[in-house]
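This report describes how the parts of a protein model are arranged and how they meet. Please keep the sequence and the structure in view while reading.

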Amino acid sequence: MSKIFVYAEVVEEGIAEPSLELIGRARELADKHGFSVSAMLVGFGVRKLADELIYRGASEVHVVDNEVLSKYNLLFYTRAIVEVVENEKPDIFLFPATTTGRELAPRVAARLGTGITADCTAIEIGDYVDPITGKKYEKLLYQIRPTFGGTIMAAIVTPNHRPQMATVRPGVYSVPPRDTSRSGRIKEWTIDFSEEDVGCLEVLEVKRERRKVDLRSAKIIVSGGRGARPEGFKLIRELAELLGGEVGASRAAVDAGWISYDHQVGLTGQTVKPDIYIAVGISGAIQHVVGMKDSKIIIAINKDPEAPIFRIADYGLVGDLFVIIPKLIERLKVAKS
Amino acid sequence: MVTVNSKQNPSSERLNIVVLVKPVPDPKEPPKFKPDGTLDRLSMKLVMNPYDKYAVEAALQLREALGGIVIGVSMAPPHAIDALREALAMGVDEFILLSDPRLAGSDTLATSYALSMVVKKLWSKLGKVDLVLCGVESSDSNTAHIGPEVAEWLGLPSVSYVDKILEVSGGYVKVKKLIEGGYMVIRVKMPAVLTIAGTSYTPRIPTLRDVITARRKQITTLNADDVSIDTSKVGLLGSPTRVIKMWAAEIKRRGKIFTDTDIDRLIDNFLAELRKDGVKLK
């Protein structure tokens, strides 16, 4: 049976959610189209997490558990994954489009000489006829993603190379339910790292905060960026409260210490799609935009008319947020009473 | 600024830096399509990928601190040359444009292979390349593949999402890499490939004089044969992935921008528009 592999990213609290989402999606596709689902688990002391992957939908877990993998090392992780892939020959290999997945997956793809599609917002299985040769392919991975700044969608296939690889954006599929009655096979791999240069790439320090606020179910999010400053966040909180929404932030605001990481939206924060997203003093750097561009309605408030955020906004208010927001709050309060 | 520790190895710390720059359709202009529905890239004005400006800025700061040379490399059609002048105006020393019709339609694996062959050529010409930098991704394709894939073709370590280059010392580079909820500090042996996420670098804006000087700087155009590219590995047919379909994204933004020095009127107009569109703020 053709295999779908899913990379199981490990964070302190266990398997990273975006990987569980992919196990769930792979299970759905596998049941419908006749594939098996295997998880690829790499690290040190990670063997104990294998059951969790089975409970979530994997029928097989490949484990590379080695002390040299105790800290994330791109080169060692690539090496471990490639060795398992060369033996197991999966048909499809999915990675979460996290900061780790998006550097690890292309390295694995390039070493295997196969194709890869980044940051897919949907994956499906379908057939393909090569328009040049007329050759028909069955059950290929359709890798679907936005391109050209989100204005165009593209469906991509990898007809002749294996595995067909993709990274998939966190949050587009839901975490599957945990079913402890499920069983599966766990295969442990021993890989010899003795030839590797340990000093070539070394993680010296990791600082990572865990998230306590979940913005993903919020209907309205009012987010502040570098332009908001601490005083601006007071106004943002007030507006969010008035609208019954949550407070979000760009990485710049979090790094400046104006708000905690729990509220960060974007590549290294949360991916959200509320009914209304109000971006205040946020310029619209790609790292922020990937986390909110699927919001139903985007409202931007920024004093710089050239700010990229206006290009993806439904409504853009050009002006000083410290003047606009108090007046907006005032008007909304009047309307309310 | 980067911390410089050149005591241990003063002469060899001068850096040969290659910056990969992608000319992209101007993000400010709407995309144009050919009658068959595919993107008409040739008729779109090309500018330097905004994310590559951070990489150029990082490279220039390193050169200013340690000495060395910054060479830009692009793979693009010939009309991309204006976009490369932007990088030269910022301060890049010289530029290589890899341009060949046989490269058209290359996906990220094929593109990274072609770019890696240019880096190899420079490597043998200069005797060494210490760092290959690029923006974390491009504004048109947003794959973030090229950095790690080029590194793989060259057999070099790489770090993606570099927020800041902290230190260059004794043949190693220490970087701060962005991760979910924080950062990692990673030490990498050079030569290495780094993709710059940009948050710590503000790209310099060239003066008129810089722009004029840039016109005199050298842009060398090479074709696939000049850098010994195996043409069976590039172009549409050499690429493992195929785009089978493209369509307009469902989410069409309304793009209603309100500008008014009278903020009360601006808010009136905005709220009136929301009512007209049936959008309720609460």
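Chain A is divided into domain 1 (3-200) and domain 2 (220-336), with bounds that come from an automatic or database domain assignment. This is a predicted model, in which local features need pLDDT of at least 70 and side-chain atom pairs count only at pLDDT 80 or more, while totals for chains, interfaces and linings use all residues. Residues are numbered from 1 along each chain as its sequence is written, chains are lettered from A and ligands numbered from 1 in the order in which they are written, and side-chain values use heavy atoms, with hydrogens and water left out.

**The two domains of chain A**

The centres of domain 1 and domain 2 of chain A, taken over C-alpha atoms, are 34 Å apart. Six residues from domain 1 of chain A and seven residues from domain 2 of chain A take part in the contact, where contact means heavy atoms within 4.5 Å. The size of an interface is often given as the accessible area lost when the parts come together. Between domain 1 and domain 2 of chain A, the buried area is about 570 Å², and carbon and sulfur atoms give 52% of it; buried area is the accessible area (1.4 Å probe) that two parts lose on being put together, summed over both. On the side of domain 1 of chain A, A:Thr99, A:Arg169 and A:Pro170 supply 56% of the area buried against domain 2 of chain A, more than any other three residues.

The count between these two domains of chain A is one salt bridge, that is, a side-chain nitrogen of Lys or Arg within 4 Å of a carboxyl oxygen of Asp or Glu. A:Arg169 also has a side chain that meets that of A:Asp294 in a salt bridge.

**Chain A against chain B**

How many residues does each chain give to the contact between chain A and chain B? Chain A gives 87 residues and chain B gives 80 residues. Together the two chains bury about 7,500 Å², 59% of it on carbon and sulfur atoms. In chain A, the residues that lose the most area to chain B are A:Arg107, A:Phe148 and A:Tyr315, together 10% of what that side buries.

Across this interface of chain A and chain B the rule finds 10 salt bridges. Strand β13 (residues 201-208) of chain A gives the most to the side of chain A that touches chain B, with eight residues; strands (E, at least two residues) and helices (H or I, at least four) are DSSP runs, numbered from the N terminus.

**Salt bridges by name**

Side chains of opposite charge can pair when their charged atoms come close. Over all chains, the count comes to 50 salt bridges.

| Salt bridge | N to O distance |
|---|---|
| B:Lys189 and A:Asp197 | 2.8 Å |
| A:Arg169 and A:Asp294 | 3.2 Å |
| A:Arg25 and A:Glu28 | 2.6 Å |

A:Arg25 and A:Glu28 are separated by about one helical turn, because they are three residues apart in helix α1 (residues 17-33) of chain A.

**Backbone details**

Most residues other than glycine have a negative phi, and most peptide bonds are trans. The peptide bond from A:Arg162 to A:Pro163 is cis, with omega near -5 degrees, and A:Pro163 lies in the loop between β10 and β11 (164-168) of chain A. In chain B, the bond from B:Met190 to B:Pro191 is cis, with omega near 0 degrees. A:Lys89, in the loop between α3 (74-88) and β6 (92-96) of chain A, has a positive phi near 45 degrees.
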